[in-house]
Amino acid sequence: MPTVLKLSRQRQLTLNRAIVAAMGNPRFLEARLNPDRSLTLIPADRLDLREEVPKVYREAGITKDVLIEALRIVQRREKARAAGAGRTEDG
């Protein structure tokens, strides 16, 4: 049952009811981009980010230490930006 779907301007995809029902009305879907640039959606029983996120980062070669340092850098930049926003041209 091929169906053409449209992306909104916000890049959101809406699945029609028939497709969702045929998939068993899942609450979560796992999306996989195939080598041929086709997209596969697989019903997921539940989404557990505590399990999925480390797995994805590990597969990309990103360690916990790298993530901690990245968070520190972002926090420093936000603090510096906030300090800069508090200044006036006269001061």
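Exposed here means over 50% relative accessible area. Keep that cut-off handy for the views below, which all come from a predicted model.

**View 1. Arg11, out in the open with a positive phi.** Arg11 has 65% relative accessibility, so this residue counts as exposed. You'll find Arg11 in the segment before helix 1. Its backbone is worth a look too: phi sits near 65°, a positive value in a residue other than glycine.

**View 2. Asn25, another positive phi in a residue that is not a glycine.** Here we're in the loop between helix 1 and strand 1, where Asn25 is found. Phi of Asn25 is about 55°. With a relative accessible area of 55%, Asn25 is exposed.

**View 3. The hairpin of strand 1 and strand 2.** Strand 1 (residues 28–33) and strand 2 (residues 39–44) run antiparallel, joined by 6 bridges. Look for Phe28, which stands opposite Ala44 in strand 2. Between the strands there are 5 residues, and Arg37 takes a positive phi near 70° in this hairpin.

**View 4. A nonpolar patch of leucines on the surface.** Leu5 is partly exposed, at a relative accessible area of 32%.

**View 5. Helix 2 and helix 3, the two ends of the confidence scale among the elements of the chain.** Helix 2 (residues 49–59) has the lowest mean pLDDT, 78, while helix 3 (residues 64–85) has the highest, 91. For the protein chain, the mean is 85, and 88% of its residues reach 70 or more.

How values were computed:
Residues are numbered from 1 along each chain as its sequence is written. This is a predicted model: local features need pLDDT of at least 70, side-chain atom pairs count only at pLDDT 80 or more; totals for chains, interfaces and linings use all residues. Side-chain values use heavy atoms; hydrogens and water are left out. Patches are made of residues with over 30% relative accessible area and no salt bridge: like charges are joined within 9 Å, nonpolar side chains (Val, Leu, Ile, Met, Phe, Trp, Tyr) within 5 Å. Accessible areas come from the Shrake-Rupley method with a 1.4 Å probe; for residues, only the protein chains shown count as cover. A salt bridge is a side-chain nitrogen of Lys or Arg within 4 Å of a carboxyl oxygen of Asp or Glu. Buried means under 20% relative accessible area, exposed over 50%, partly exposed in between (1.4 Å probe, protein chains only). Two strands pair if DSSP finds at least two bridges between them. Helices (H or I, at least four residues) and strands (E, at least two) are DSSP runs, numbered from the N terminus. pLDDT is the predictor's confidence in each residue, from 0 to 100.
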